[in-house]
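Subject: A structure for you to look at

Hello,

Here is the structure I promised to pass on. Have a look at it first, and then read my notes below.

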Amino acid sequence: TSLLVIFTLLVLVPLPEGYEERIQSVFTENEERDSSASSRPYFWNIAYEIAKDYPVGTGPGCYPVYFNSYDTSGGRYGYFRSVHGSHAQILSDIGFEGILIWVIIIIYAFKKLFSIRAKSLIRIKDNEVFQFYFFASNALICLLIVFYLGGTFYESAYHDITWLTWGLIIAIDR
């Protein structure tokens, strides 16, 4: 039944405009390949340059405004572009202290979740509550890994789900 549902969704749910061409660009020759992935380090470097000039950041969401001033490509990637990464977003928006706090939050969250997981694993057979903590910590660890890796290529530092995740970790820890 799962395969039937997946097949039905694939057939009935419309794809966004331009999606098929974007997917086809993966299979073209290197010269013709979409420059989206190869341009990411360029955008991240601009975030670093902005942070060097504004060590405490430019303010949340201000990267696109500053992009044009730091763009050395002559408009090759367009104007008012996105930073294309949560970690670079934090660096340009909140500066070096902000990225330090960001990294500390991520490391601390992992530390807390592995601690909760270890404690619950010891008594998992005793009580369903410990099973809940074990599975919840596993799920949140997976979520953090996906967020950390996916956040490298997609701006999600200010999304609600990111901050809800930190809140869930705090709640489970308490």
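A definition to begin with: helices (H or I, at least four residues) and strands (E, at least two) are DSSP runs, numbered from the N terminus. Please keep in mind that this is a predicted model, in which local features need pLDDT of at least 70, side-chain atom pairs count only at pLDDT 80 or more, and totals for chains, interfaces and linings use all residues. Residues are numbered from 1 along each chain as its sequence is written, and side-chain values use heavy atoms, with hydrogens and water left out.

**The overall picture**

The protein has seven helices and zero strands, so its elements read α-α-α-α-α-α-α from the N terminus on. Of its 174 residues, 33% are buried (buried means under 20% relative accessible area, exposed over 50%, partly exposed in between, with a 1.4 Å probe and protein chains only). The protein exposes about 11,800 Å², and carbon and sulfur atoms supply 65% of that area (areas come from the Shrake-Rupley method with a 1.4 Å probe; for residues, only the protein chains shown count as cover). Among contacts (heavy atoms within 4.5 Å) with a separation of 6 or more, 66% join residues 24 or more positions apart.

**The cores**

Which residues have the most contacts inside the largest nonpolar core? They are Trp102, Ile106, Leu113, Leu144, Trp166 and Ile169, in a core of 19 residues. By a nonpolar core I mean a set of buried Ala, Val, Leu, Ile, Met, Phe, Trp, Tyr and Cys residues joined through side-chain atoms within 4.5 Å. Helices H5 (86-122), H6 (128-150) and H7 (160-173) each give two or more residues to this core, and H5 gives the most, with nine. A second, separate core has 11 residues, including Tyr42, Ile46, Ile50 and Tyr77.

**The bent helix**

H5 deserves a look of its own. A straight helix of 37 residues would span 54 Å at 1.5 Å a residue, but H5 spans only 35 Å between its end C-alpha atoms (the expected span is 1.5 Å times one less than the number of residues). H5 bends by about 135° at Ile94, where the bend is the angle between axes fitted to the seven residues ending there and the seven starting there. Ile99 also sits in H5, and counts as buried because its relative accessibility is 18%. Not counting residues up to four places away in sequence, Ile99 touches His87, Ile90 and Leu91.

Most residues other than glycine have a negative phi. Phe80, which is not a glycine, has a positive phi of about 55°, and His84 has a positive phi near 60°. Phe80 lies in the loop between H4 (63-70) and H5, and His84 is found in the loop between H4 and H5 too. Are they buried or exposed? Phe80 counts as exposed because its relative accessibility is 55%, whereas His84 counts as buried because its value is 14%.

**Cysteines**

The structure holds zero disulfides (a disulfide is a pair of cysteine sulfur atoms within 2.5 Å). Cys62 is partly exposed, with a relative accessible area of 23%, and Cys142 is partly exposed at 47%.

Enjoy exploring!
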